[in-house]
Every structure is written in C-alpha cells, then in structure tokens.
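Here is a quick note to read with the model open beside you.

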Amino acid sequence: MEAIFDAWRVRSPFYNETHEEISHLVRRFIQKEVLPNLDHWEATCDTPRELNRKAGEAGITGLGFPEQYGGTSEGIDIFHNLVCAEELALAGAGGIHSVLMTHFVALPPVLAMGSEEMKQRIAPAVLRGEKIMALGITEPSGGSDVARLKTTAVRRGGKYIVNGSKMFISNGMRADYYVVAVRTGGEGMKGISLLLIEKGSPGFTQTKLDKMGWHCSDTAALYFDDVEVPVENLIGPENGGFIKILENFNAERLVAAQSCCGQARVCLTEAAEWAKQRYTFGKRLTEHQVIRVKLADMQRHIDTTQAFVDLCAWRFREGKINAADFALLKVQATRTFERVAREAAQVLGGASYIRGTKTERLYREVRVYAIGGGSEEILLDLAGRQLGYC
Ligand SMILES: Cc1cc2nc3c(=O)[nH]c(=O)nc-3n(C[C@H](O)[C@H](O)[C@H](O)COP(=O)(O)OP(=O)(O)OC[C@H]3O[C@@H](n4cnc5c(N)ncnc54)[C@H](O)[C@@H]3O)c2cc1C
C-alpha cells in the first residue's frame, strides 16, 4: 500500500518534506486510531466523538486554519490539505473524512464573516476536535436548486424564528454547531442568510438516516419548529451570507477530488495484490494480459486525474480560480474513482461482493461523490455556462 502512495508524490513538483511530514502524521493517526476500530464503527454506524478530539490533538482538524484560533497556517498551503485528504482516504472508508473534516466546509463562513465573539466561541473548540460542526443547505425539496430553499428565519426583536427542515446533513446527529442556510428575504440567492444554530435549542430536532455507505459517519434530517436564534448568531450580512458558501465550494471540490484519487488508489492496490496471488487456468491473474492491462488502465485514469488535481490546486494556491475548473475536476475525479472501483471489483471477482474487502465498501461509497457537493449534472452545466457554451 505505502509504495504506491509515496511514489506519485515523490514524482510531483508540488510536494516537499513538509508535506511528507503531514503525510506521516495522518498515516500514523489512521493506523493507530482508526484502522483497529473501523470495522466496528462501520457495523454499528457510530464513531465516538473521542476520535475527533484525538484528531484535534494530532493537529489534523486544525490544518490550514488560522493560528489565532488554534489552527496551523504557518507554512501551510492547499497541498498540505490534499495530503491530509489522501491519507484519510487510506483508511478505505470515506466516512472517516466526513466524521473528522466536515468543519472544513462549515467553519470558513464563520471565520470569514462571523463576529469576533462568535469566532472565539466556536473556532478553537472545533479545531481542537472538542466540538463538531455541520453545514445545513440541502432541503427535502432538493439540494441542487439552492436558490429556492424554503427554511425561513423571521426576525422578531432580538431573535430569528426559524421554521423548516434540512436533509442529508453530514454530522447532523453529532454536531454541536450548525451553519444553516435560511431565507430571510425575498426569492433567490439574495434572500438567503447563514445562521449559527446550536444543538439543544428548543424546537430543533434531528433524525438519523440509514444509508448505502459512509456508515461510520452520521447523516441526518434536521427539523426547525419555531426555533429561536439570537440575532448575534447571524453570520455575515442579512441576505448576503450565501456568497461565502459558494466561494467555499471550490476548496470542497478540490479536496473531494483528492479523496477520490486516494480511494481509487486503495482499490487499485487491493486489486493488484489480489491479482498477484490469485491463480486461474494454472497461472496468476497478473500473468493474464487482460488483467495486467486492466490494472495499468486503472493507474492511467488515476494518474491523469491526479495531474488535474495538482493543476487545480496550484491555481487555487496562486489565486487563479475559475469555478469551471473545480466543477470539471470533481466530475473527472468521481468518474475515475467509479471506474477504478468497478474494475477492482471485477479483478477481485466474488470476493468484491462480500463484506471484508476495501473495494466492496468503496464501490458502495462512490455514489455519494457523484451527488454530494454538487451533482455531476449540475457541475457539468455550471462549467458549460462558465465556459460560454450557451
Ligand atoms: C451522504 C451525504 C451527505 C451529505 N451531506 C450534506 C451536508 O453536510 N450538507 C448539505 O447541505 N447537503 C448534504 N448532502 C446533500 C447533497 O449535497 C445533495 O444530495 C445534492 O446537492 C443533490 O441534491 P438532491 O439529492 O436533493 O437531488 P436533486 O436536487 O433533487 O436532484 C436529483 C437529480 O436530478 C439532477 N438534476 C437536478 N436539477 C437538474 C437540472 N437542472 N438539470 C439536470 N439535472 C438536474 C441532479 O443532478 C440529480 O442527479 C449530502 C448528501 C449525501 C448523500
């Protein structure tokens, strides 16, 4: 396993010894804290909060966040975050990333637009892994058409009264702090604000959802029934907060693309190891040309997608951001992961259909990457429009 991960990074011009340090740090964490318990968490659909605290202690949850709130930003660039995503993917269960890193999408709006009091109250505890965050945008009526979201927040004196519901929310059960998109104004994006809503607020309830994969991470429906939220919990300007969520999508898609590459590598590695040992027709699978070609083709897909990831990460680091790149990248990475998982399952044969192989789990999990954080159809359409194909 380790050889493949190390080889591509050594060849890349974007990685140096500081990235390798993060790589080893996260890998040690996964090997010590995650792998011995992962099957149990997947079976019980429950991961202890203690894991987040340990990840905080190891410096994983604070990676790339400002030092003044307890993060590590000195000398850190987006490639360190990609290394972290890649190493988390080594666990062979995408839910681990969701368990530990959902604040990567939920916290930035608070840091960019929240009051200083809010930042001080929330960020250090989240970056230490003591508190957990969720981001609530999707609603039962749909996630693609965000501009039409229906959850309302009506201002009454010093409070907003929130009514509505959210669907498919990562960390929806375990979170302490929820960054929730609500309608405070008229129709469309310009009527949407962000509110920080805390677990335990009267009228705020959650229901756990059973799902196809990512079993160790919780996903929930959220219900708001006349929930009173102090106006101080408004994040950014009223009717103007949503833009920060949109800006954040590029980083989210970049990291998701790296996770797809990492998980595709896990599938390829498992398939290659299997093929070297499995005998059919009197010889090892790798001695059949068609299997060798299959493995090489999987490698080809991963390497070309990784090159696109690195290019987009470089553009991100240099501030040369075009949303179309990140939209196309996520589709490319998802399809690579999907194809490689399929081919790995084919090489493993019946074993891939039985619980116990990483490929079995990842083959189920690949679906979420094609839907969450912008579905393929929506992202390709976004790219098409941005590129002027209309
Ligand atoms: C495990 C998991 C975790 C998630 N975590 C979060 C989270 O933490 N926070 C959060 O807010 N959301 C979360 N989501 C929700 C996710 O972002 C949405 O599922 C996604 O945005 C799609 O929304 P939808 O499921 O409502 O599908 P819909 O919007 O109903 O779309 C259904 C299908 O129609 C297609 N479609 C829709 N409109 C068009 C169009 N105009 N043209 C062509 N095709 C179209 C879509 O691509 C999709 O294939 C999560 C989802 C999952 C499965």
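1. Let's start with helix 9 (residues 242-277) and helix 12 (residues 358-371), whose axes come within 10 Å and cross at roughly 155 degrees. Helices here are DSSP runs of H or I with at least four residues, strands are runs of E with at least two, and both are numbered from the N terminus. The axes are lines fitted to C-alpha atoms, for helices over the stretch in contact, and the angles run from 0 to 180 degrees between N-to-C directions.

2. Contact means heavy atoms within 4.5 Å. Sorted by class, this contact of helix 9 with helix 12 has six nonpolar, three polar and three charged residues. Ala, Val, Leu, Ile, Met, Phe, Trp, Tyr, Cys and Pro count as nonpolar, Asp, Glu, Lys and Arg as charged, and the others, Gly among them, as polar.

3. A word on what you're looking at: this is a predicted model, where local features need pLDDT of at least 70, side-chain atom pairs count only at pLDDT 80 or more, and totals for chains, interfaces and linings use all residues. Residues are numbered from 1 along each chain as its sequence is written, and side-chain values use heavy atoms, leaving out hydrogens and water.

4. Is the pair of helix 2 and helix 5 roughly parallel or antiparallel? Helix 2 (residues 17-34) and helix 5 (residues 78-89) pack at about 30 degrees, with axes 9 Å apart, and they are therefore roughly parallel. Here the crossing is right-handed. Helix 2 contributes Thr18, His19, Ile22, Ser23, Val26, Arg27 and Ile30 to the contact, and helix 5 contributes Phe79, His80, Val83, Cys84, Glu87 and Leu88. That makes seven nonpolar, four polar and two charged residues by class.

5. Now for the record. UniProt (unreviewed entry) places "domain: Acyl-CoA dehydrogenase/oxidase N-terminal" at residues 16-130, a span that is 66% helix and 0% strand. Its "domain: Acyl-CoA oxidase/dehydrogenase middle" (unreviewed entry) covers residues 134-227, which are 0% helix and 51% strand. UniProt positions follow the numbering used here, feature names are shortened, and annotations may be inferred rather than shown by experiment.

6. Finally, zoom out: the protein chain has 13 helices and 10 strands. Its radius of gyration is 21 Å, close to the 21 Å that the globule rule gives for 390 residues, so the chain is as compact as a globular protein of that length. That radius is taken over C-alpha atoms, and the rule is 2.2 Å times the number of residues to the power 0.38.

Note on methods: Angles under 35 degrees count as roughly parallel, over 145 as roughly antiparallel, 65 to 115 as roughly perpendicular and the rest as oblique. A crossing is left-handed if the near helix is turned anticlockwise from the far one by less than a right angle, and right-handed if clockwise.
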